[in-house]
Amino acid sequence: MTTWGRMRSFFLSDEELGKKDDDHKPFKNGPNWHPARVPPRRSLRRIGLVSIVALLVYLFFKNIPVLGPDHRMRRPNYAYPDLAAAPKRPSYEQAPPSRPDTYPAHPATPPGRTFNGPVKFLELAPTLHAIGGTRGTMVINRNVLFAASSLKSAATLFPIACQMGTELKSYVHFALMSRSGIDIQELRKVNGIDDSCHIIFHDARPDYAQISTDDRMENAVFRAFHHIYNYMHPQAILVDGSSDEEPFFLRAAQQHMNAKKNTLIELPRKSAKRLEWITKLDSQALRIELSPQFFHYLKYSLLEYRYSAVSTYQHWDRRLFGISLEQPLQLLDGKEALSLPSLLKGTGSGDQDEREISTSFLWQAPTSNAVLFLGEKWTELHDFVSRSLEAKQDLDPTPALLSEKVVSTQYPSWLEHALRLARARGYWMLYPGDDTARNLATVHNELNHMPEEYSNLESSRTILADDASEEEIENVRQKIRLSMEIPLAPVSLLDSLPNKGNLRPFGDLPILTWDGLSTEFEELNSLAVGYAKEFKEKVGGCSADSAEKQKKKENLSTQDLFCLTD
């Protein structure tokens with residue numbers, strides 16, 4: 001039976017299907033032939049059924065999705081809500097009728113900025129509700145946020161955000177917190193941002209923005225970040241740190257990051273090319289702000305303290321655990337302040353007229369912030385951790401040397417093992433002086449995430465809860481708004497080093513014990529011998545008269561500290 005025959009039989013009634021086949025066969029035209037008449041009721045039913053089927057077929061083909069070759073690799077597409085259904089902005093904030101050629105930081109003739117009423121966000125909620133697929137309610141996710149107030153800063157950030165979005169390693173968001181009334185779609189069009197950039201936009205502008213005081217705008221930016229954080233929990237927030245950006249925006253961004261302990265990256269001017277590599281990183285890799293000088297300092301210090309003739313001849317290099325770019329301010333317990341050592345420098349006017357200068361120093365305490373561990377020491381640390389964990393399983397009860405915790409929970413748990421190894425070997429870390437540290441790195445201690453193993457502790461909570469009331473938000477903002485961050489010093493590497501740019505030899509550097517006390521090399525060596533002896537007996541299982549206790553140290557191994565884990 002033909003296709004039309006099958007479709008025709010489908011529309012015939014049971015009564016008609018029971019007729020002889022001759023009734024439905026075509027007849028040749030003859031003089032006495034007349035077409036059979038069909039009752040009108042059946043004709044209407046057939047016409048209705050045919051129309052329904054035709055409509056269904058049409059809708060099916062019209063809505064077939066276009067599946068590209070990488071359809072399963074693409075991220076979710078978040079449609080923007082219908083702007084016509086959204087609350088309207090006041091008439092003076094409507095987008096201009098024509099596309100502007102440039103974006104001045106402020107309008108040419110700004111209206112009187114005197115309004116300081118309560119803050120409302122008319123268009124932020126819909127896009128925040130639409131990002132559930134990014135797992136923004138989870139503390140650890142793949143969200144990265146770019147934010148701007150100045151349209152000039154927005155234009156600076158767009159190429160970086162677009163490049164990061166095309167990498168498909170993170171969910172890239174852009175939040176506009178501007179006084180400008182430009183439409184988001186117009187802003188995208190002017191800056192050449194299309195769907196290929198994979199950027200999720202959020203309109204975080206408050207009502208009455210153009211006539212708001214700077215303080216209200218600062219308050220609005222702080223609250224916008226707070227609402228965005230609750231729905232997104234961005235792993236890093238990137239803003240334009242140049243003078244193009246609005247001061248009230250940068251102040252509020254820093255205040256909120258202090259409150260929520262998030263990572264804020266202030267990009268310098270012309271960073272689109274200089275920091276293009278940052279777009280290749282995923283959300284978790286965005287932590288520390290480094291100066292362009294940091295690599296030169298590491299290379300300079302490594303060559304001097306690891307490979308110079310003086311260091312190798314006196315075997316100072318064997319005790320170098322790593323090189324830190326950060327100047328520590330606290331002891332490892334996170335409670336007491338570290339008293340930084342200094343050197344006296346004569347002014348040339350007599351012995352009584354001397355002043356203290358900052359200097360690099362050697363500290364037995366390791367760190368996990370902005371640090372380079374030497375390769376052989378890192379390998380030795382892995383061996384030490386493995387043997388310590390094995391010994392801990394075999395010992396009952398666990399000796400105090402393994403159970404006692406002296407390192408704060410703001411550091412990862414492996415740093416406890418690194419400290420034990422440093423105490424047993426007499427290793428030290430090289431830390432920069434104050435002048436040098438200002439030129440190397442800014443470690444946002446107040447923004448760091450609590451290590452995952454301690455994330456459930458009470459101390460890991462931020463000072464601003466996600467469900468904070470409007471009054472609590474304002475109280476926190478006022479509390480931290482005056483806190484300032486020390487910026488990286490814009491000077492050359494040699495200018496930041498004392499002694500005319502020469503690195504002081506190991507023998508001239510102050511030495512601190514793990515608990516911050518000033519000491520000398522001989523005393524540090526004696527302390528290390530005593531700690532290693534106690535560790536061998538209580539953890540390593542080496543008896544006092546055991547011949548194994550006299551095992552020699554092997555390169556890249558801590559086997560000499562253990563007698564039960566060979």
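**Note on disulfides and helix packing**

1. In this predicted model, a disulfide joins Cys 542 to Cys 563, with an S to S distance of 1.8 Å. The torsion about their S-S bond is about 100 degrees, so this disulfide is right-handed. Cys 542 lies in the segment after helix H18 (521-538), as does Cys 563, so the pair ties together parts that are 21 residues apart in sequence. Both Cys 542 and Cys 563 are buried.

2. How many disulfides does a search of the whole structure find? The search finds 2. Counting bonded cysteines along the chain, the pattern of the disulfides is 1-2, 3-4.

3. A disulfide also joins Cys 162 to Cys 197, where the S to S distance is 2.0 Å. The link of Cys 162 and Cys 197 is left-handed, with -75 degrees about the S-S bond. This pair connects distant parts of the chain, 35 residues apart: Cys 162 belongs to helix H5 (residues 151-166), whereas Cys 197 is found in the loop between helix H6 (184-190) and strand S3 (199-203). Cys 162 and Cys 197 are each buried.

4. Turning to helix packing, the axes of helix H7 (residues 214-232) and helix H8 (residues 247-260) come within 8 Å of each other and cross at roughly 40 degrees.

5. Which residues make the contact of H7 and H8? On the H7 side they are Asp 214, Met 217, Glu 218, Val 221, Phe 222, Phe 225, His 226 and Tyr 229. H8 contributes Phe 248, Phe 249, Arg 251, Ala 252, Ala 253, Gln 255, His 256, Ala 259 and Lys 260. Sorted by class, the contact of H7 with H8 comprises 10 nonpolar, 3 polar and 4 charged residues.

6. His 226, one of the H7 residues in that contact, also bears on a further point. Ile 473 and His 226 are 247 residues apart in sequence, yet their C-alpha atoms are 8.4 Å apart in space. Ile 473 is placed in helix H16 (residues 470-480).

7. Is Ile 473 buried or exposed? Its relative accessibility is 1%, and Ile 473 therefore counts as buried, the cut-off for that class being under 20%.

Conventions. Residues are numbered from 1 along each chain as its sequence is written. This is a predicted model: local features need pLDDT of at least 70, side-chain atom pairs count only at pLDDT 80 or more; totals for chains, interfaces and linings use all residues. Side-chain values use heavy atoms; hydrogens and water are left out. Axes are lines fitted to C-alpha atoms, for helices over the stretch in contact, and angles run from 0 to 180 degrees between N-to-C directions. Helices (H or I, at least four residues) and strands (E, at least two) are DSSP runs, numbered from the N terminus. Contact means heavy atoms within 4.5 Å. Ala, Val, Leu, Ile, Met, Phe, Trp, Tyr, Cys and Pro count as nonpolar, Asp, Glu, Lys and Arg as charged, and the others, Gly among them, as polar. A disulfide is a pair of cysteine sulfur atoms within 2.5 Å. Buried means under 20% relative accessible area, exposed over 50%, partly exposed in between (1.4 Å probe, protein chains only).
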